[in-house]
Amino acid sequence: MTHPLGRTPSKIVAVHLNYRGRAAERGRTPAQPSYFLKPPSSLAGSGDPIPRPHGCELLGFEGEIALVIGERAHRVTPEDGWRHVGFVTAANDAGVYDLRYADRGSNLRSKGADGFTPLGPRLLDARQVDPAGLRLRTWLNGELVQDDTTDGLLFPFGLLVADLSRLMTLEPGDVVLTGTPAGASVARPGDLVEVEVSAGAESTTGRLRSPVVEDARELAGWGAGPRADEAERAAAWGAGYRPAPAVAPEIEAGLRSVAVATLSAQLRRRGLPHMSVDGVRPTRPDLRLVGAAHTLRYLPLREDLFARHGNGMNAQKRAIEEIRPGQVLVMDARRDASAGTLGDILALRALKRGAAGVVTDGGLRDSEPVAALDLPVYHAGAHPSVLGRRHVPWDSGVPIACGGALVQPGDLLVGDADGVVVVPPELAEELIADCREQERQERFITERVAAGESVDGLYPLGPKWRARYENWCKGEGQ
């Protein structure tokens, strides 16, 4: 693969987040820049293909302005940082979200593959351009999808050079990828991504052209393999993402059609007797609960840690803002109901975000206004105190214990007036079928008991009643 640098840099440094528009998409604005490294072997030139690894679906493209260091920089100031930049060019900070989990934060495998850092096609002399007046544009299959200027930067180029040079030496030829603006998304095999940096009408890098291809070679079986979930799909696709339902419509309808008691019995028959969330009661027994778990974990209060973990946009509030339609917020409060874990404002926010319900084995504040919402909420008891009395919200999206049941993110929660059970998603379809059959048998049995029959041999349904039951099914029992 060719690239316009002429020599291999000692390092490629990339900024995680550096445009106000991109920060708005991500819902967070960093106070300081943060970075990751890409290997020099990831470099490619204009026209070189970007190979999407076998088994991956989320190849992200990110048009960026690349700085090529021209003069050695070590402990320089922000005011002096730009003087150490030799050239500016266009870059595509490509990566696969399917492997982000494997090297969380470092992005080594997700962004370090061969061909994942195209540069070019031309270098602009940094002495001939105004770093505050550069324009970056990206096209996907000819459609303009990114268009921003360096006015939108959170951290100017001179600051990036100075910040990096505090602890490391930037050598001539090193590359700094300066972040991507809003609009970065996913490219598929057959797509063409083009990136251009311009400094006025007459000064341009030209379009960096990167066709996306499928790598047909299977990844070796050792090491982390690709995996994609709804969270990664949302992060990869950006603002245009339309997520799949948290629970497939046919599964949701099926779970709504059967009683929690029946589900509990069928789970026990499968060797799963500990799937009920014990000790919780509904605010609205008339509402059914069906949804996929989004988890939140509280830890015991430690006063010296509460200011850091309990205030501001803490894990509790983040968990609410992370909820997708059809999800149930499930809270692990260690079965301690002596302080509230949710109140009416956050419950309303969860409802507005499309939450299917809330389950907490801790206390509930504002129980009367919460009960007025069309939101199934299960709790261990009402309590007027805020969470800072007993709990500190710690993290979300992790396996938790709630009411004695282990709940993993994505597990299905089903609730009615009897309580709540946890349903492994992979068992849902067969559970629905068996629950419907069990409830059909119980309707037959109820009719016979109402007619005066003994339960001996009838409940549960025994061999001597089997033929009559099957005939009943063919007629009025359908």
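**Briefing: aromatic pairs, a sheet and a helix contact**

With a relative accessibility of 3%, Tyr 469 counts as buried (under 20% relative accessible area, with exposed over 50% and partly exposed in between, for a 1.4 Å probe and protein chains only). The model is predicted, so local features need pLDDT of at least 70 and side-chain atom pairs count only at pLDDT 80 or more, while totals for chains, interfaces and linings use all residues. Residues are numbered from 1 along each chain as its sequence is written, and side-chain values use heavy atoms, with hydrogens and water left out.

**Aromatic pairs**
- Tyr 469 and Trp 472 form a stacked aromatic pair, 6.0 Å centre to centre with 25° between the planes (rings of Phe, Tyr and Trp, the last by its six-membered ring, pair if their centres lie within 6.5 Å; planes under 30 degrees apart count as stacked, over 60 as edge-to-face and the rest as tilted).
- Both residues lie in helix H13 (residues 463–474), three residues apart, about one turn of the helix (helices, H or I, of at least four residues and strands, E, of at least two are DSSP runs, numbered from the N terminus).
- Trp 472 is also buried, at a relative accessible area of 8%, and Phe 444, Trp 465, Tyr 469 and Trp 472 form one aromatic cluster.

**Sheet**
- Five strands form an open sheet with mixed pairing, in the order E4-E15-E14-E10-E11 (two strands pair if DSSP finds at least two bridges between them).
- The edge strands, E4 (50–52) and E11 (143–149), each pair on one side only.
- Strands E14 (residues 192–198) and E15 (residues 208–214) pair in the antiparallel sense over four bridges.
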